[in-house]
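Colleague: I have the model open and would like to go through it with you. Could you start with the overall picture and then take the details as I ask?

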Amino acid sequence: MPIANAFKRQKEFVADASHELRTPLSILQSSIEVIESEEKGKLGEFSLQVLDDMKDELKRMTKLTNDLLWLARSDSNAITLTKEWFPLFPVVNELIRKCRPLAEQKQIRFTVHMQEDIMVYGDKERIIQLMFILLDNSVKYNNENGQVSIKVERNRKNVMIEIKDTGIGIPIEHQKYIFERFYRVDPSRSQRQQGYGIGLSIAKWIVDAHGGTINVQSEEKRGSRFIVTLPQPTIIESEG
């Protein structure tokens, strides 16, 4: 069918273009690092600012390219899950450390409510990616002097991950669309926060691939609460 063929060609183009962009972006990254290490002491204040701006834009472009390539691979079923048991508490601590630089700029506090011995069964790298997307958003769209709360609970059948913030919230009419690709509640706001409407669609893919659910509860100007539920095998099944 013409529509199916056009959609297939579009996916192939996204995959090919994203893949091809990775090489020049890597070269630019290396070039900037060379300039920074060898010429930084000779550059004036304006030139140093230009260099920093280039690094920021390169970081944005690299992330966008990687996200697009990831989506293209997920569409073609080229991503497989490698499931294992792993402790979640160290993962949460590491993700908080990664988010802390931006959080400190906005004086945002983190609180964690979970047992340190909680074990999770799933693809560790994908679950790390999922939680980073949610934590990164909770910081980006939070208010000054805000708070981010991470809560994890586990029973015999599921692990529940809740990430709650005190940020600007999501209008109710937008909430059913936020997991769609390239959907942005407020394009001007998302652009300021370097968002392209991809992160939450990736998060949903990861949750769906694990057979779980992801939901949002939010009120404009009063924060958002994302709840992820991932089904878990029993300990007997994991040892068998």
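**Going through the model**

Modeller: Among contacts in the chain between residues at least 6 apart in sequence, 72% join residues at least 24 apart, where contact means heavy atoms within 4.5 Å. This is a predicted model, in which local features need pLDDT of at least 70 and side-chain atom pairs count only at pLDDT 80 or more, while totals for chains, interfaces and linings use all residues. Residues are numbered from 1 along each chain as its sequence is written, and side-chain values use heavy atoms, with hydrogens and water left out.

Colleague: How many helices and strands does the chain have, and in what order do they run?

Modeller: The chain has seven helices and seven strands, and from the N terminus on the elements run α-α-β-α-β-β-α-β-β-α-α-β-β-α. Helices (H or I, at least four residues) and strands (E, at least two) are DSSP runs, numbered from the N terminus.

Colleague: And what share of the residues count as buried?

Modeller: Of the 240 residues of the chain, 38% count as buried, with buried meaning under 20% relative accessible area, exposed over 50%, and partly exposed in between (1.4 Å probe, protein chains only).

Colleague: Let's look at helix H2, then. What span should it have?

Modeller: Helix H2 covers residues 45–75, and its 31 residues should span 45 Å at 1.5 Å a residue, which agrees with its end C-alpha atoms being 45 Å apart. The expected span is 1.5 Å times one less than the number of residues. Among the buried residues of H2 are Leu 51, Leu 58 and Leu 64, and also Arg 60 and Asp 67. H2 is followed by Asn 77, whose phi is positive, near 60°.

Colleague: How does H2 pack with H6?

Modeller: H2 and H6 pack at an angle of about 35°, with their axes 11 Å apart; axes are lines fitted to C-alpha atoms, for helices over the stretch in contact, and angles run from 0 to 180 degrees between N-to-C directions. The crossing of H2 and H6 is left-handed, which is the term used if the near helix is turned anticlockwise from the far one by less than a right angle, with right-handed used if clockwise.

Colleague: Which residues make that contact?

Modeller: From H2 they are Asp 67, Trp 70, Leu 71 and Ser 74, and from H6 they are Ser 201, Ile 202, Trp 205 and Ile 206. By class, the contact of H2 with H6 has five nonpolar, two polar and one charged residues, given that Ala, Val, Leu, Ile, Met, Phe, Trp, Tyr, Cys and Pro count as nonpolar, Asp, Glu, Lys and Arg as charged, and the others, Gly among them, as polar.

Colleague: At what angle do H4 and H6 pack?

Modeller: H4 and H6 (residues 199–209) pack at about 145°, with their axes 9 Å apart, and the crossing of H4 and H6 is left-handed. Residues of H4 including Ile 127, Leu 130, Ile 133 and Leu 134 take part in the contact, and H6 contributes residues including Leu 200, Ala 203 and Val 207. The contact of H4 with H6 has nine nonpolar, three polar and one charged residues.

Colleague: Changing topic, where is Gln 232, and is it buried or exposed?

Modeller: Gln 232 is in the loop between strand S7 (224–231) and helix H7 (235–239), and it counts as buried because its relative accessibility is 8%. A polar atom of its side chain lies 2.7 Å from the backbone nitrogen of Tyr 121. Leaving aside neighbours within four places in sequence, Gln 232 is in contact with several residues, among them Trp 85, Tyr 121, Arg 156 and Lys 157.

Colleague: One more topic: what is the phi of Asn 145, and of Lys 221?

Modeller: Asn 145 has a positive phi of about 60° although it is not a glycine, and Lys 221, also a residue other than glycine, has a positive phi near 70°. Most residues other than glycine have a negative phi. Asn 145 is partly exposed at 47%, whereas Lys 221 counts as exposed at 70% relative accessibility.

Note on methods: Polar contact = N/O pair within 3.5 Å; in protein donor to acceptor, adjacent residues only side chain to side chain.
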